[in-house]
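Good morning, everyone, and thank you for making time for this.

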Amino acid sequence: MAEKKSALVTGGSRGIGRAIALELASEGMNVAVNYAGSEAKANAVVDEIKAAGGHAIAIQANVGNMDEVQGMMKEVIAEFGSLEVLVNNAGITRDNLLMRMKEQEWDDVINTNLKGVFNCTKSVTRQMMKQRYGRIINVASVVGVAGNAGQANYVAAKAGVIGLTKTTAKELASRNITVNALAPGFIETDMTDELSDEVKSGMKGQIPLGRLGAAEDIAKAVKFLSSDDANYITGQTLHIDGGMVM
Amino acid sequence: MADTLERVTKIIVDRLGVEAAEVKPEASFKDDLGADSLDVVELVMELEDEFDMEISDEDAEKIVTVGDVIDYINSQN
């Protein structure tokens, strides 16, 4: 393994992805911050890492597009020389009741949130197999386990990610590549900011710990799963949700 | 430069931990050389690097024996 680990965080410019990128950089990893549209925010994350003495690059790619993903992987590996950690975090929402959900809303969410994980995982496999080392961490969601009215597309994608995590874990285990999923609950980000106060207080009522989580709560779990302390953990889904889904 | 058979044999011996004498043209990777499907994928990757070529997934699926590899490489030259 390379002396200095390198990580790619998809959707790393904002929210949970941003916190993960900063956390891994603070662990001394090289970090590639992928973004689809938020170039300025991705550059801000890179600048913050560099200001703290780390090594980071911003890299644009739509994870739902295989050609763009393959180009991204080549660029990242050329820059860092290796790639030990992949965090599949990029995700979007297009919420609607099933009866009203447009085909486009379904396709967009499945394409980014599920196919994006397939594209990135497949494209990094060759490098990780050669290295005989890899840590793949997929950001799923508790709604992928429990379901959630109004999010048929998002829930289906996140449940799919959990299944993909287990299969990839089984296929790659013999090459010392572990694959795990995280299932965040309600985390304070741009995505949950859009919700009304009424919805938010309703959410808190479902959380035994009685509060929303912070992006850093997820980032700490990524730090653990990407470290050698988690060498014997693969194919698992870790819920980080204040006890919401047990 | 060593000939194709020699280079292929070295890769197979290194990857699968078999004796060079076992690497005969009729030997099946899975049945005779103890490779699992992931081993075959890795062998294809190493052959691509060694011979500086790209083997398509369709062609890779047809590779069953050592002889198939040799024939494929020779057909590309």
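**Salt bridges and the contact between two chains**

Let me begin with the whole structure, where a search over all chains finds 16 salt bridges. Please keep in mind that what you see is a predicted model. One pair to look at is Lys130(A) with Asp49(B), whose side chains meet in a salt bridge with an N to O distance of 2.6 Å. Because Lys130(A) lies in helix H4 of chain A and Asp49(B) in helix H2 of chain B, this pair joins two chains.

Now to the two helices themselves. In general, two packed helices are described by the angle between their axes and the distance between the axes. Here, the axes of helix H4 (residues 103-131) of chain A and helix H2 (residues 37-51) of chain B come within 11 Å, and they cross at roughly 95°. An angle from 65 to 115 degrees counts as roughly perpendicular, and therefore H4(A) and H2(B) are described as roughly perpendicular to each other.

Which residues of H4(A) meet H2(B)? They are Arg126(A), Met129(A) and Lys130(A), and on the side of H2(B) they meet Leu38(B), Glu42(B), Met45(B), Glu48(B) and Asp49(B).

Let us step back to the contact between the chains, which takes eight residues from chain A and nine residues from chain B. About 730 Å² of area is buried between chain A and chain B, and carbon and sulfur atoms give 45% of that area. Of the area that chain A buries against chain B, 63% is supplied by Arg126(A), Met129(A) and Arg175(A), which is more than any other three residues supply.

On the side of chain A that touches chain B, the largest share, four residues, comes from H4(A). The residues of that side divide into one nonpolar, one polar and six charged.

Definitions and conventions:
Residues are numbered from 1 along each chain as its sequence is written. Chains are lettered from A and ligands numbered from 1 in the order in which they are written. This is a predicted model: local features need pLDDT of at least 70, side-chain atom pairs count only at pLDDT 80 or more; totals for chains, interfaces and linings use all residues. Side-chain values use heavy atoms; hydrogens and water are left out. Axes are lines fitted to C-alpha atoms, for helices over the stretch in contact, and angles run from 0 to 180 degrees between N-to-C directions. Angles under 35 degrees count as roughly parallel, over 145 as roughly antiparallel, 65 to 115 as roughly perpendicular and the rest as oblique. Contact means heavy atoms within 4.5 Å. Buried area is the accessible area (1.4 Å probe) that two parts lose on being put together, summed over both. Ala, Val, Leu, Ile, Met, Phe, Trp, Tyr, Cys and Pro count as nonpolar, Asp, Glu, Lys and Arg as charged, and the others, Gly among them, as polar. A salt bridge is a side-chain nitrogen of Lys or Arg within 4 Å of a carboxyl oxygen of Asp or Glu.
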